[in-house]
Amino acid sequence: MIFQRALRRELVSTAGAVFTTLFTITITVMLIKILGQAAGGKVASSDVIALIGFAALNYLPVILILTGFISVLVVVTRSYQDSEMVVWFASGLSLTRWIAPVLSFGVPIVVLTALLSFILTPWAARQSAEFRERFEKREDIAKVSPGKFQESASADRIFFVEGVSGDATKVRNVFVNTVQNGRTSVVVAREGSVALDQHGDKFLVMSKGRRYDGITNQPDFRVMEFERYGVLVGRQSQAVVGDKSARSLPTPALLADPNKFNRGELLWRASLPLMCLLLMLLAIPLGFVNPRGGRSANLLIALLLFVVYSNMVSVLQAAVVQERLSLGVASWPIHLTAALLIALLFAWRLFINSPRHPAALWGAFKRTVMFRKAARA
């Protein structure tokens, strides 16, 4: 019991360090990516923190799987490296006695992975899609950042404003370049404001400005001065549809409509907690190292196994989506293969430590011969 408590404490502390490292790397990459999208006018700057949170929830299942796998592997490898396993085996205890403390450490991670996979990750995908769609459906002038050129949603108009008021309805020093039917129209005005007509369409009403209208490379440009001029910047608001793909649907909706895409998504969601559990058990026999050697080879093999495992799950998911395999057939082969690999590695490690192992028998034989020679002498 003392050993198991110490082992659980070490597993928890190692998992904390591994999770912090992986989560920090993921958040940093997502922060750079989403800030770039905000700078490019693809998402609202006020939504950056929320979008980073949704992206983190999407990646958390994989982070938790790697955390459990690497933590168990590192602790087992360190025990071999520091010769603690020699004392463990000399006390008559088997490698299988590691399963109980590893499971007591890993079951909460498996449960959290399942919760994220079946509930929170689809919700985060829906919320992220809704935030992005809501920003795309905002009127063009509301997406303009002061001091920056911004293309409209229809890609035929470019806005530039020197300043936007706090409620985003009034702007000053406005520049609008519109290209329609080969004609270019440039409007500059000292100020403007957003107005709503009786149909719910939004217009940027500019005052005290000029309009330059004509065709490029032709000398028939017209220059007009105006006191008030309106430009359509947004149609009547539409309801936000959000992401309707299988990836963002709630699990009950997937079960209610078992089409090929929903079946593939169900396979992926169910595979994540199973992968988490099996990889932690696989790390126990995989953690063997020679105390006189290094431990980097073990980590490389472990990461390779994780990549192969996750990619095979993706291949089976694609086969279900393409209707080459049924959900029932695709759901078990890769996990059964992993379970058989775990049993094989456990049997191999137990056989090596057994007194009937050829190396142990050969060592006993040599000691007997040496003893008899010494006795004759």
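The following exercises with worked solutions concern a predicted model.

**Exercise 1. Describe the chain as a whole by its secondary structure, burial and contacts.**

Solution. The chain holds 10 helices and six strands. Of its 377 residues, 40% count as buried. Among contacts with a separation of 6 or more, residues 24 or more positions apart account for 60%.

**Exercise 2. Determine how helix H2 and helix H6 are oriented relative to each other.**

Solution. Two packed helices are described by the angle between their axes and the distance between the axes. Helix H2 covers residues 48-81 and helix H6 residues 260-286. Their axes lie 8 Å apart, and the packing angle is about 15 degrees. Angles under 35 degrees count as roughly parallel, and H2 is therefore roughly parallel to H6. The crossing in which H2 passes H6 is right-handed.

**Exercise 3. Identify the residues through which H2 and H6 meet, and classify the contact.**

Solution. On the H2 side, the residues are Pro61, Ile65, Gly68, Phe69, Val72, Leu73 and Val76. On the H6 side, they are Leu272, Met275, Cys276, Leu279, Met280, Ala283, Ile284 and Leu286. By class, the contact comprises 14 nonpolar residues, one polar residue and no charged residues. Gly counts as polar, and Gly68 is in the H2 part of the contact. The spacing along a helix can be read with a general rule: an α-helix has 3.6 residues a turn, so residues three or four places apart point the same way.

**Exercise 4. Locate the kink in H2 and state what follows the helix.**

Solution. The kink lies at Tyr59 and amounts to about 45 degrees. Tyr59 comes shortly before the proline Pro61, and Pro61 is also one of the residues that meet H6. Just after H2, Ser83 takes a positive phi of about 60 degrees.

**Exercise 5. Is H2 largely enclosed or largely open, and is Ser71 buried or exposed?**

Solution. In H2, 28 of the 34 residues are buried, so the helix is largely enclosed by the rest of the structure. Ser71 is found in H2. Its relative accessible area is 0%, and Ser71 is therefore buried. Beyond residues up to four places away in sequence, Ser71 touches Leu11, Thr14, Ala15, Val18 and Phe105.

**Exercise 6. Assign Thr178 to a secondary-structure element, then give its burial and its contacts.**

Solution. Thr178 is placed in strand S3, residues 170-180. Buried means under 20% relative accessible area; at 12% relative accessibility, Thr178 therefore counts as buried. Apart from neighbours within four places in sequence, Thr178 is in contact with Asp156, Arg157, Arg183, Thr184 and Ser185.

Methods: Residues are numbered from 1 along each chain as its sequence is written. This is a predicted model: local features need pLDDT of at least 70, side-chain atom pairs count only at pLDDT 80 or more; totals for chains, interfaces and linings use all residues. Side-chain values use heavy atoms; hydrogens and water are left out. Axes are lines fitted to C-alpha atoms, for helices over the stretch in contact, and angles run from 0 to 180 degrees between N-to-C directions. Helices (H or I, at least four residues) and strands (E, at least two) are DSSP runs, numbered from the N terminus. Angles under 35 degrees count as roughly parallel, over 145 as roughly antiparallel, 65 to 115 as roughly perpendicular and the rest as oblique. A crossing is left-handed if the near helix is turned anticlockwise from the far one by less than a right angle, and right-handed if clockwise. Contact means heavy atoms within 4.5 Å. The bend at a residue is the angle between axes fitted to the seven residues ending there and the seven starting there. Buried means under 20% relative accessible area, exposed over 50%, partly exposed in between (1.4 Å probe, protein chains only).
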